[in-house]
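Here is a short report on how one chain is put together. Look at the sheet pairing, then the helix contacts, then the cores.

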Amino acid sequence: MDEPLLVNYRVHGAWDNADYHSHKEYEIYLFHSGTCRYLIHNQIYDLEPGDILLMDGLALHKPNVPPNNEYVRSVIHFSPQWLRGMLKQIGGLYLLDVFETLHHCFIRTKENEEFKQLEKVISRMGSLQRTSELDDVNAGLELKSLLLQILTILHRLGQSQSLTISRGKTEKAEHAERIAKYIQKHYMNKLTIDSIATSLNISKSYVSHVFKEMTGFTIMEYVMGSRLTQAKYLLEAEPEKPLKDIANESGFESIPHFSNYFKSKVGMTAKEYRRERLKIYSEES
């Protein structure tokens with residue numbers, strides 16, 4: 001994301017290129033209608049209208065939407081650096097705690113009045129962003145004030161209704177989460193479906209079937225997504241670390257494998273990605 005704020009209000013349908021992904025920006029996600037099972041890190045949520053997901057972006061996440069099903073949501077991505085100065089001045093840095101401490105959070109509102117108020121504010125943000133010039137100072141100030149209003153409402157909701165785990169999960173969801181947790185813990189090692197099934201004492205066929213059904217992707221796609229997320233983190237967090245060490249610590253079997261996979265998924269080489277991310281960080285600072 002090149003801009004510090006991106007607002008999509010009531011988007012319909014799944015994006016064709018939706019994949020397991022992560023990003024540096026914080027994300028606010030509102031589910032309006034349709035069918036969606038959402039995977040964040042190693043948690044699975046069967047969404048209902050009015051559900052809200054907050055995430056720091058670094059946790060691997062992916063919406064799983066059945067083909068030809070309705071899927072309506074609103075999404076805000078924002079750079080915390082873009083807002084941090086203003087929040088510090090007014091004593092509002094605590095509004096970012098949910099992203100920086102919990103990393104992801106689930107709120108079930110049942111489409112209450114607070115949720116309806118959030119919809120109105122996001123609608124205004126989307127309209128303002130579409131119709132304003134990039135250098136419009138007044139528009140930029142209003143967008144910040146609207147985002148502050150959203151964060152304030154979310155903080156109030158989160159005080160009483162937030163859930164870091166989903167209750168009443170099905171057996172299939174629990175198995176899929178066990179698999180995801182195992183992969184998150186061991187992605188840097190050599191993993192196969194056989195080794196995962198053996199370690200979890202689950203049959204190989206069931207491991208593959210239940211994970212695909214609950215998340216929409218294969219186990220090895222999730223393994224590779226976890227490795228890619230770690231590699232992106234290390235490229236930025238440790239700018240002096242050699243690429244061969246990053247590849248090894250992230251679980252890739254070789255430098256060529258790492259380089260080819262990274263470029264195919266990110267659209268640029270690992271060196272280019274590191275250079276671009278460090279440049280953005282320098283500009284924000």
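Tyr38 stands opposite Tyr45 of strand β4. Ile40 faces Gln43 of β4 in the pairing. Both pairs belong to a predicted model, in which local features need pLDDT of at least 70, side-chain atom pairs count only at pLDDT 80 or more, and totals for chains, interfaces and linings use all residues. Residues are numbered from 1 along each chain as its sequence is written, and side-chain values use heavy atoms, with hydrogens and water left out.

Strand β3 (residues 37–40) pairs with β4 in the antiparallel sense, over four bridges. Two strands count as paired if DSSP finds at least two bridges between them. Strands are DSSP runs of E with at least two residues, helices are runs of H or I with at least four, and both are numbered from the N terminus. The hairpin of β3 and β4 has two residues between the strands, and His41 there takes a positive phi near 60°. The open sheet has three strands in the order β4-β3-β6, with antiparallel pairing. Its edge strands are β4 (43–46) and β6 (61–64), each pairing on one side only. From one strand to the next, the twist averages 15°.

**Two helix contacts**

Two packed helices are described by the angle between their axes and the distance between the axes. Axes here are lines fitted to C-alpha atoms, for helices over the stretch in contact, and angles run from 0 to 180 degrees between N-to-C directions.

| Helix pair | Axis distance | Axis angle |
|---|---|---|
| α8 (residues 219–237) and α10 (residues 255–266) | within 11 Å | roughly 90° |
| α5 (residues 171–186) and α7 (residues 204–215) | 9 Å | about 105° |

Which residues meet between α8 and α10? From α8 come Met224, Gly225, Leu228, Ala231, Lys232 and Leu235, and from α10 come His257, Phe258, Tyr261, Phe262, Lys265 and Val266. By class, the α8 and α10 contact has eight nonpolar, two polar and two charged residues. Ala, Val, Leu, Ile, Met, Phe, Trp, Tyr, Cys and Pro count as nonpolar, Asp, Glu, Lys and Arg as charged, and the others, Gly among them, as polar. The α5 and α7 contact divides into nine nonpolar, one polar and two charged. Among its α5 members are Ile179 and Ala180, and its α7 members include Val210 and Phe211.

**The cores**

A nonpolar core is a set of buried Ala, Val, Leu, Ile, Met, Phe, Trp, Tyr and Cys residues joined through side-chain atoms within 4.5 Å. Buried means under 20% relative accessible area, exposed over 50%, and partly exposed in between (1.4 Å probe, protein chains only). The largest core holds 33 residues, of which Ile28, Ile76, Phe78 and Leu147 touch the most other members. Helix α4 gives the largest share of this core, ten residues. A second, separate core has 22 residues, including Leu39, Tyr187, Leu191 and Tyr222.

Leaving aside neighbours within four places in sequence, Ile76 has contacts that include Leu6, Ile28, Ile122 and Leu147. Contact means heavy atoms within 4.5 Å.

**Val11**

Val11 lies in strand β1. Val11 is buried, at a relative accessible area of 16%. Val72 is 61 residues from Val11 in sequence, yet their C-alpha atoms are 5.4 Å apart.
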